Amino acid sequence: MFKQRGFSLIETAVAVGVIVSAIIVFGMFISSIRLVGVAQRRAMASHIATDQLEILRKTPFDNLAESGTIVNSDLSNIPQGAGTYTTASFGGNAEIKEANVYVEWVERGATRQVRRTTLLVRNGL
C-alpha cells in the first residue's frame, strides 16, 4: 500500500487560509490601536477648547481680551499641544462678541486643529 508523505493540497490551502486570516486580524488590531490614540487626542483637544470657552463665558464682558494663549495642564497630554483664542465684535454690534478657541497638535507629522466658536453677549442671554 502507498504511504503518503507530506501535506495534501487541502491541508496546505487550509493552513495558508488560517495564516492569511491571522495576518489580516493582526493588521486590523494594530490599525484600531492607532485610531483609538487619534480619537483620544482629538477628544482631549475638544475638552480643552470647551473648557476655555467656559472660562471666556465667565469673564466679565468688558474684561475679555482680543486674543490670548490657553493655559491648561492637559495640553501636555497631546503632542506639541498649543492653544489660542480670539474675541471680536460680532456683526458690528458692540454688545456681542464672537469667541474662537483653537487647540493644535502634531499627529504623524501633520498639524491637527480643533476649533470651537461661541457668541458672548454683554448681559448674558
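Good morning, colleagues. Because this is a predicted model, local features need pLDDT of at least 70 and side-chain atom pairs count only at pLDDT 80 or more, while totals for chains, interfaces and linings use all residues. Residues are numbered from 1 along each chain as its sequence is written, and side-chain values use heavy atoms, with hydrogens and water left out.

I begin with the surface. Val16, Val20, Ile24 and Met28 form a nonpolar patch there, and together they have about 370 Å² of accessible area. Accessible areas come from the Shrake-Rupley method with a 1.4 Å probe, and for residues only the protein chains shown count as cover. A patch is made of residues with over 30% relative accessible area and no salt bridge; like charges are joined within 9 Å, and nonpolar side chains (Val, Leu, Ile, Met, Phe, Trp, Tyr) within 5 Å. Val16 lies in helix 1, residues 9-58. Helices (H or I, at least four residues) and strands (E, at least two) are DSSP runs, numbered from the N terminus.

I turn now to the charged residues. Side chains of opposite charge can pair when their charged atoms come close. A salt bridge here is a side-chain nitrogen of Lys or Arg within 4 Å of a carboxyl oxygen of Asp or Glu. By this rule the count comes to 4 salt bridges.

One of them joins Glu54 to Arg57, with the closest N and O atoms 2.5 Å apart. Because Glu54 and Arg57 are 3 residues apart in helix 1, about one helical turn separates them. Glu54 is partly exposed at 35% relative accessibility, and Arg57 is partly exposed at 41%.

Next comes the salt bridge between the side chains of Arg122 and Asp62, at 2.5 Å from N to O. This pair links distant parts of the chain, 60 residues apart: Arg122 is in the segment after strand 4 (110-121), and Asp62 is in the loop between helix 1 and strand 1 (67-69). Asp62 counts as exposed at 62% relative accessibility, whereas Arg122 is partly exposed at 30%.

Arg122 also meets Glu95 in a salt bridge, at 2.9 Å from N to O. Glu95 belongs to strand 3 (residues 93-107), 27 residues from Arg122. Through shared partners, salt bridges join Asp62, Glu95 and Arg122 into one network.

How values were computed:
Buried means under 20% relative accessible area, exposed over 50%, partly exposed in between (1.4 Å probe, protein chains only).
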